[in-house]
Amino acid sequence: MNSSSVEKFSTSSNHALEIATAISANKPIDRDITALVLKLQTALNINQVIEIFYSSLKTELSMCGIEYVYPLLYSHIQEGDKTIYSYRYLIEIEDETWGNITVFSEADLTKDAKSRLDEFISTVIYPLRNAIQHENAITLSANDSYLGLPNWGLLEGQLTREAKLAIRRKHQLSLVLIDIDRYKILKERYGSLFGDIIIRHVYETLQSSLRDTDIIYRYNYDQFSLILSETPASAASTIAERIRKVVMDKDLVDEMNKNIRLTISIGITELQSDDSVDSLYKRAHNALKLAKNSGRNQVKVADGKFLT
């Protein structure tokens, strides 16, 4: 099986629960699978899960290598050797993607051996998902995003504080809203994992384009917001246009090595002395809608009370 062929592997089966039920009912169980499930339950992070899983694959199925990739957390783990005989699985639980696993063997697997590998793969899905959630909960306890960015609830509080400070000091402040064009279509066409890569790409572009004092928030799944302190709308527009061009000029590559062009739409507004958080956000949001309704891949600025 060529590594360019990806097998979507999703399951609703929780092996730990099934094994506990089988034991209590005195039903026969697969001892290799049971031993692996029990070991995987002790793992608290992604590296441990892959290490335990690969050790079992080597011992029970004579596999010679494994690779795990999860773009949202920058996870890329490789153990053993890569060969031309590879078996790749996109891991999903209830339409949520948790990365992909590629397993390597010294020779092409027989039909029975491939079925056995599928069975082993099914044991790692829930432990892998749990390990990701556990690590995420520890490192991002104040946030709800895999990128480590604060959510809208925190944005509202931060924006209120920044706005009050800007008005008191008579400084300018701009709010920028960014939407990834046709994100849902791209995700459906190229897969959930590619959707994660898109989000990461836009985030990295924002990070590299902004000052340390600028604040990035994520709201909804495919949208970002920026609080630019001491920045008038004209300067924010220049920054936004630069970000838009960088995103557009760097193609992403899908699983079939096809270049995918990505674009973003951006709405901007500048803080007014009588603004509330709601009025400021609404004006920026209306500017964003205008950018999208005008053909996408552009920047629109709501000046003063315009677009309220």
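Predicted model: local features only at pLDDT ≥ 70, side-chain atom pairs only at ≥ 80, totals over all residues.

Student: What makes the pair of Tyr70 and Trp98 stacked?

Tutor: The angle between the planes. The ring centres of Tyr70 and Trp98 are 6.5 Å apart, and the planes are at 25°. Stacked requires planes under 30 degrees apart, so at 25° the pair is stacked.

Student: Where in the chain do these two residues sit?

Tutor: Tyr70 is in strand 2 and Trp98 in strand 5, 28 residues apart, so the pair links distant parts of the chain. Both Tyr70 and Trp98 are buried.

Student: Why is the pair of Tyr190 and Phe194 called tilted?

Tutor: Its planes are at 55°, with the ring centres 5.4 Å apart. Stacked needs under 30 degrees and edge-to-face over 60; the rest count as tilted. At 55°, therefore, the pair is tilted. Tyr190 and Phe194 are buried too.

Student: How do you know that Ser122 is buried?

Tutor: Its relative accessible area is 11%. The cut-off for buried is under 20%, so Ser122, at 11%, is buried. Ser122 belongs to helix 4 (residues 111–139).

Student: Which backbone atom does the side chain of Ser122 reach?

Tutor: The backbone oxygen of Glu119, at 2.5 Å. A polar contact takes N or O atoms within 3.5 Å, and 2.5 Å is the value for Ser122 and Glu119.

Student: Why is Lys170 called exposed?

Tutor: Exposed means over 50% relative accessible area. Lys170 has 76%, so it is exposed. Lys170 lies in the loop between helix 5 (152–169) and strand 6 (173–180). Its phi is positive, about 60°, although Lys170 is not a glycine.

Student: Which loop holds Asn297?

Tutor: The one between helix 9 (277–293) and strand 12 (299–302). Asn297 also has a positive phi, near 55°, and is a residue other than glycine.

Student: Which residues of helix 2 (residues 31–40) are buried?

Tutor: Ile33, Thr34, Leu36, Val37 and Leu40.

Student: What puts them on the same side of helix 2?

Tutor: The arc. They cover only 165° around the axis, so they fall on the same side of helix 2. On the other side, Arg31 and Lys39 are exposed.

Student: Which residues touch the most other members of the largest nonpolar core?

Tutor: Phe53, Leu57, Tyr68, Ile101 and Leu117, out of 34 residues in that core. Two or more residues each come from helix 2, helix 3 (46–61), strand 2 (65–70), strand 4 (85–93), strand 5 (96–105) and helix 4. Helix 4 gives the most, with nine residues.

Student: What is Leu117 in contact with, leaving aside neighbours within four places in sequence?

Tutor: Leu57, Leu61, Met63, Tyr87, Tyr89, Val103 and Leu109. Apart from this core lies another, of 30 residues, including Ile198, Ile216, Leu228 and Ile260. In soluble globular proteins, nonpolar side chains tend to be buried together.

Student: How many helices and strands are there in the chain?

Tutor: Nine helices and 12 strands. Of the 308 residues, 50% count as buried. The accessible surface comes to about 15400 Å², and 48% of that belongs to carbon and sulfur atoms. Take contacts between residues at least 6 apart in sequence: 65% join residues at least 24 apart.

Technical notes:
Residues numbered from 1 in each chain as written. Heavy atoms only, no water. Buried < 20%, exposed > 50% of the residue type's maximum accessible area, 1.4 Å probe, protein only. Helix = DSSP H or I, 4+ residues; strand = E, 2+ residues; numbered from the N terminus. Arc of directions from axis to C-beta. Contact = heavy atoms within 4.5 Å. Areas by Shrake-Rupley, 256 points an atom, 1.4 Å probe, with all protein chains shown as cover. Polar contact = N/O pair within 3.5 Å; in protein donor to acceptor, adjacent residues only side chain to side chain. Core = buried A, V, L, I, M, F, W, Y, C linked by side-chain atoms within 4.5 Å. Phe/Tyr/Trp six-rings, centres within 6.5 Å; stacked < 30°, edge-to-face > 60°.
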